[in-house]
Amino acid sequence: MGETHGSEIGSRGRNNPYPYDCINSFVMRLIIKHILLISGFLIMGCSSHGDSRSFLEKLEESEPTNAAAYQNLQPTVDGPILIPVDRVANPFFIIARTGQMTKFPCANCHDKPLSHMKSTDSLGRKAHWELHLQHAPEPIMNCVVCHNEGDLNTLRTITGTKIDFDESYQLCQQCHSRQYTDWQGGAHGKRVGGWAPPRVMKLCVECHNPHQPRWDKRWPAQPSLTMKRLIK
Amino acid sequence: MSNCNCNHSDNSCKNGMHELLAENVLSDWLKRDDEMNYLRAMPSLDSVLMWSEYNNQPNISSLAKKETAADHIMNKGMDRRSAVQTMAAGLMAGLGFLQTACNPLAPAEDREKSQLEWDDYFQGNFRVMTDKEKEETVSRLERMYELNTGQRINISATGPIPGVLYGYAFNISKCRGYLECIRGCINENNQDRETGMQYITIHEHKKGQMNFGEAPDNFYHEVPQDGHFYIGTQCMHCESPPCVDVCPVQATWKEQDGIVVVDYNWCIGCRYCEAACPYDARRFNWQDPVVPENEVNHNQHYLGNRLRKKGVMEKCTFCIQRTRDGKNPACVEACPTGARIFGNLLDPNSEIRWVLANKKVFRLKEDLGTEPKFWYFMD
C-alpha cells in the first residue's frame, strides 16, 4: 500500500473501508501542512504582538520617575561641604577635600620656592619622606607635572592652568579620559551616601593614591563559606 | 575530650582535632599549615555537608547550642502510642498556654508573652494585611524581642516608593575578590554566624573563559590572583521570578519596587523556591540562626533582616531596610572598588541607567526569560 500514488487512488477508493483515505494523498498533505503553518504563524503573531519589546526597551519607554518620589527620603550625605560638578550632562557633587587635608594650606611650610627648600643636612628630607612617585615613567611625569611650583596651594594642568585641590579630577582626566567619562556617568568610582539623588561621588585621589595609583594585593575580608564550615 | 558527644568511629574525633576546633579562632589556626592539611585530608568535611551529616558533626562545647523543646520532640523516633501521648500532652500544654494568657493571677509579663505568642501563631500573610495590621504585627514582634532579650529593636514595615524600580550592575573588571561585600551583607542582614550563611558568592574565574563549574567560590588567598577575574552572584530580583511561581503558599512575592521578598512567618520551608531559582540565590535555615546579641543589627524590616527562625527560606532583599530609606545596599556600600552600582531603573538620570545605556551589559542565563534586574559589564 505504501507505494500507491496519484492515479491509483481512484481504484483503491472503491473497495476501501475507510472513505477518507484520500488524506494520504500528497496534495492533501501539502494543503493541510500549509494551513497548519499559516494558522500557527497567525496565532504566534497575535500572542506576541503586545509584548515583543525587550526589558531595556520597556525601561526606556517607561514613565520617568517624578522628582517628588524622593522628597520623603532623609538625606544620606550630611555634614561635609559639597562642591557641584555641573559642567557635565548629569550634574553631581564631590566632597570638599581641602578642609580634610591635615597640613593645608601648603604655604604654611612652603613659603619660598621649592629650589630653596632642598635639605642640605645629612638627615635628608624633613617632610614628604614617604613619597615615591610610581605613576608614570620618569620622562613623562615628575612632581611639577601636577604641582604648581610657583604656588604650592594649587595644582596645575599640563598647559599651566591653576587647579584647586578640590578639583583634582581635572588633572586626572588629562590622561585618563575614559575613566573620567565613566566617573561622570556612574560606571567608575565610589558613591558616597545612598542611591537616591543628590549623587555624591568620591574624588579620584580618595581611592587612588596619586603618587602610587596601583592597588596592592591583599587578603579577602573573610574566609569563604566552606572554610567556615570546616571549623565546625 | 569530655565534651565530645559525637559517635564517629573514624579518626575525625581525635583529641588533637578537638583541641584545634575548640579554639574557634579562625585567624589563629589558619596560620598553622600542618593543621590545615589535616583538615583538608578529612573526607567528610571536605564538601558541603548534607543535613544528616550536619547533625552528626562533632559538638564543640563553645559552639554547642541548647536543644530546644521542639528539637527534642522532632528529633525523637517514636511509635504511634507515644506520638498520641505527646500530642495529648501538647494539647494540654496548649490549653495551659491559653490559660496563662487569660489567668489574672499569672505574672503580667508571662501573660503578655503568652498572648503575643498566641497572636503570632494566628498571624496572617503579610502581603494581604492592611496597614494597621502590619503596624500591629511589627510592634508585636518588637515587643516579643524585648521580652525575650531585653533589647529594643526597630522593625519597619515601610512600603515601596512609588516610581522606583531597583536595579543592580556589577563591574567585572573592577571586582578584585576582597569579599568585603560578603562581610558587609552578613553584618547588615543578621545572618546565621554558626552555619556561615551568606547571600553573595564571589566566583574566581580564569581569564579567557567563563565557566561557573570551574570557578571556585571558596578561595582564601591573596587577591586578585594573577590571571583571574571575579564575578559576584546573589539574588537577581528577576522581573518574572520562577521562585515566586512555585511557592505553594504564596509566602514569597515581588514587591512594587521589584524586590523579591519572603514572609518568614508564612513560609513553610518546602524549599521549592530554592530548587526553582536558576541563580542559587535562596538559602534555607537548617537551624535557629545564631547571632550574638552585640552583633545584631537593630535597624530591621519585616521583609528584610529581622531575625529568622529554623525551617524558613531567606535571601538577599537588596537590603530592603536600607534601600527604601534611600541608602545603598550594604554590599554596595562595603565594596571598596566601586564595582557595585545600584539605583532606580525608572530614573533616566540614575547611574544604573547610564551604565545600561553606555556599557555593553549582559545578564546570566538570560535565555531562561526570568528577566533578572542584575547586569554585568566591563570597563
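Which residues in helix 8 of chain B meet which residues in helix 9 of chain B? The legends below start there. The model is predicted.

**Figure 1. Helix 8 of chain B packs with helix 9 of chain B.**
Helix 8 spans residues 108-121 of chain B, and helix 9 spans residues 131-149. From helix 8 come B:E109, B:E112, B:K113, B:L116, B:D119 and B:D120. They meet B:R140, B:R143, B:M144 and B:L147 in helix 9. By class, this contact has 3 nonpolar, no polar and 7 charged residues. The axes lie 10 Å apart, at an angle of about 135 degrees. The two helices are therefore oblique to each other. Helix 8 of chain B passes helix 9 of chain B in a left-handed crossing.

**Figure 2. Four strands of chain A form an open sheet.**
The strand order is 1-2-6-5, with mixed pairing. Strand 1 (82-85) and strand 5 (191-192) of chain A stand at the edges. Each has a single partner strand, so one side of each is left without a neighbour in the sheet. In general, strands of a sheet pair through backbone hydrogen bonds, either parallel or antiparallel.

**Figure 3. A hairpin joins strand 1 of chain A to strand 2 of chain A.**
Strand 2 of chain A covers residues 92-95. It pairs with strand 1 of chain A in the antiparallel sense, over 4 bridges. A:L82 stands opposite A:I95. A:V85 stands opposite A:F92.

**Figure 4. Chain B meets chain A through 53 residues of chain B and 39 residues of chain A.**
On the side of chain B that touches chain A, helix 10 (180-188), strand 10 (340-344) and helix 15 (351-358) of chain B each supply at least two residues. The largest share, 5 residues, comes from helix 15 of chain B. By class, this side of chain B divides into 25 nonpolar, 16 polar and 12 charged residues.

**Figure 5. B:I341 is a buried residue in strand 10 of chain B.**
What makes B:I341 count as buried? There are 28 other C-beta atoms within 10 Å of B:I341, and the cut-off for buried is 20 or more. B:V355 is 14 residues from B:I341 in sequence. C-alpha to C-alpha, B:I341 and B:V355 are 8.8 Å apart.

**Figure 6. B:V290 is an exposed residue in a loop of chain B.**
The loop runs between strand 7 (282-284) and strand 8 (299-301) of chain B. B:V290 is exposed, with 11 other C-beta atoms within 10 Å. The cut-off for exposed is 12 or fewer. Which separation divides the C-alpha atoms of B:V290 and B:E194? They are separated by 6.1 Å, although the two residues are 96 residues apart along the chain.

**Figure 7. Chain B as the setting for the close-ups.**
The secondary structure of chain B comes to 15 helices and 11 strands. Chain B has 379 residues, and buried residues make up 33% of them. Among contacts in chain B with a separation of 6 or more, 62% are between residues 24 or more positions apart.

Technical notes: Residues are numbered from 1 along each chain as its sequence is written. Chains are lettered from A and ligands numbered from 1 in the order in which they are written. This is a predicted model: local features need pLDDT of at least 70, side-chain atom pairs count only at pLDDT 80 or more; totals for chains, interfaces and linings use all residues. Two strands pair if DSSP finds at least two bridges between them. Two residues are in contact if their C-beta atoms, placed from the backbone, lie within 7 Å. Ala, Val, Leu, Ile, Met, Phe, Trp, Tyr, Cys and Pro count as nonpolar, Asp, Glu, Lys and Arg as charged, and the others, Gly among them, as polar. Axes are lines fitted to C-alpha atoms, for helices over the stretch in contact, and angles run from 0 to 180 degrees between N-to-C directions. Angles under 35 degrees count as roughly parallel, over 145 as roughly antiparallel, 65 to 115 as roughly perpendicular and the rest as oblique. A crossing is left-handed if the near helix is turned anticlockwise from the far one by less than a right angle, and right-handed if clockwise.
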